[in-house]
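Good morning. I will walk through one protein model, from the overall picture down to a single helix. Please keep the structure on your screen while I talk.

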Amino acid sequence: MMEFFCTDPAQVVGRFAPSPTGPLHLGSLVAALGSWLMARRAGGQWLLRIDDLDGPRCRQEFEDDILRTLERFGLCWDGAVTRQRDNTVAYAGAFERLRELGAVYPCSCSRAEIARSASAPHPGEEILYPGTCRNGLPAGREPRAWRLRTAGVQVAFDDLRHGRITTELERSGDFVIKRAEGFFAYQLAVVVDDHLTGVNQVVRGDDLLDSTPRQVWLHQLLGWPLPQYCHLPLVTAPDGGKLSKRDNTVSLADGGMAGKESELLIWALDFLGLAVPDALRGANCAELLNWAREAFVPDQMQQISASSFSAAA
C-alpha cells in the first residue's frame, strides 16, 4: 500500500478553480470561502484558476461574471488568474512521462461497449471500465482514449475533514487521462495545474472526494509532492436534494442578489462553523472577512456535518 503525507510547507498556497460553464452558486461560495479561509489563516497565498478544459461549454461571460462576483464578496486572489487552456503543453509533457513509465495504455472501447460489458452498477454509481484493452487493442481497432493502469494500486491519504482514506484504486477502474482527439482529461489536468502553480492545499467540495485517490496516484507516478486536502460538505436544497445552480446563484448578473452580499457571506460562514457575532451582522464583506480570518480555526472543519445547513428556500 502506498501512503502519502503532506509535509508542512514554508508557505501555504491554496486555490479556487471554478469552471466558467455557469454562474457561481451557494456551493461555489462555500468552497471559495473555505479555501480562502484556510490559506489566509495560515498567512498563505490564495490563487484563482479558471478550469476551462471543457471548451464547448465554457463561456467568456461566465468567466467575467465569476471574477466580478468574487471581488464583490471581497474574495480577492493573489497574482494573475490562470487558465487550463494555457497549460496543454504541460499536460502533454506529463502524459509522455506516464507513457515512458508504462502507466498508460490505448483503449478502443466506446461508452456503449463499456456499458454492455461492465457489471451493472448500483444506482448513482459510475459504470466501471472492465479492462478490455489493458493487455492490447483488439485486432483492427483504433484507440479512442488512453487510460491509466490501476490494477493492484492501494492509495491512502489524509483529509482534514474526513481523516484517513484508504482506497483500492482498481475498484474505480482504469480511468481516461487523454482522448484520441488530443483532449486531456480533468484528472490529469488538475494535477498538472496544481503542480505548475505550487498549490499545496486543496479545499473543495465532497463531490470531488472520489476523484482524489486518482489524483493522489498521479502525483505519486509523476514524483510530485502531494497537497493537503480538505473536502467540504455540499450545500443541499431544503429537501436534502441536490442544490439547483439556477435557483441558488450568487452571481453579479443576478439582479436579485444585489445588496445581499453580506447576508450571503454570513450564511456561508455559518455553514463553515463560524458563528458571526451579533455586532457584525450589519457589517460589510471586508469587515466580515477580516473577523473570520482571525476567528477561523482549521480544525473546526472536522466538525462540519454534511446535513448541518441547507440552502434557504
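The protein has eight helices and eleven strands; helices (H or I, at least four residues) and strands (E, at least two) are DSSP runs, numbered from the N terminus. Before going on, note that this is a predicted model, where local features need pLDDT of at least 70 and side-chain atom pairs count only at pLDDT 80 or more, while totals for chains, interfaces and linings use all residues. Residues are numbered from 1 along each chain as its sequence is written, and side-chain values use heavy atoms, with hydrogens and water left out.

How many of the 313 residues count as buried? The figure is 50%, where buried means under 20% relative accessible area, exposed over 50%, and partly exposed in between, with a 1.4 Å probe and protein chains only. As for contacts (heavy atoms within 4.5 Å), take those between residues at least 6 apart in sequence: 78% of them join residues at least 24 apart.

Now the inside. A nonpolar core is a set of buried Ala, Val, Leu, Ile, Met, Phe, Trp, Tyr and Cys residues joined through side-chain atoms within 4.5 Å. The largest one here has 47 residues, and those touching the most other members include Leu33, Leu75 and Met301. Several elements supply at least two residues each, among them helix 1 (26–41), helix 2 (60–72) and strand 11 (228–232). Helix 1 gives the most, with ten residues. Apart from this core lies another, of 33 residues, including Leu98 and Ala189.

Three strands form an open sheet in the order 5-6-9, with antiparallel pairing; two strands pair if DSSP finds at least two bridges between them. Which strands are at the edge? They are strand 5 (104–107) and strand 9 (175–179), each of which pairs on one side only. Strand 6 (residues 145–148) is joined to strand 9 by four bridges. Trp146 has Lys178 in strand 9 as its bridge partner.

Last, helix 5 (residues 186–196). It is mostly covered, with eight of its eleven residues buried. Among those buried are Ala189, Val190, Asp193 and Asp194. What do the buried residues of helix 5 pack against? The list is strand 2 (13–16), strand 3, helix 3 (88–100), strand 9, strand 10 (201–205) and helix 6 (212–222). After helix 5 comes Gly198, with a positive phi near 70°.
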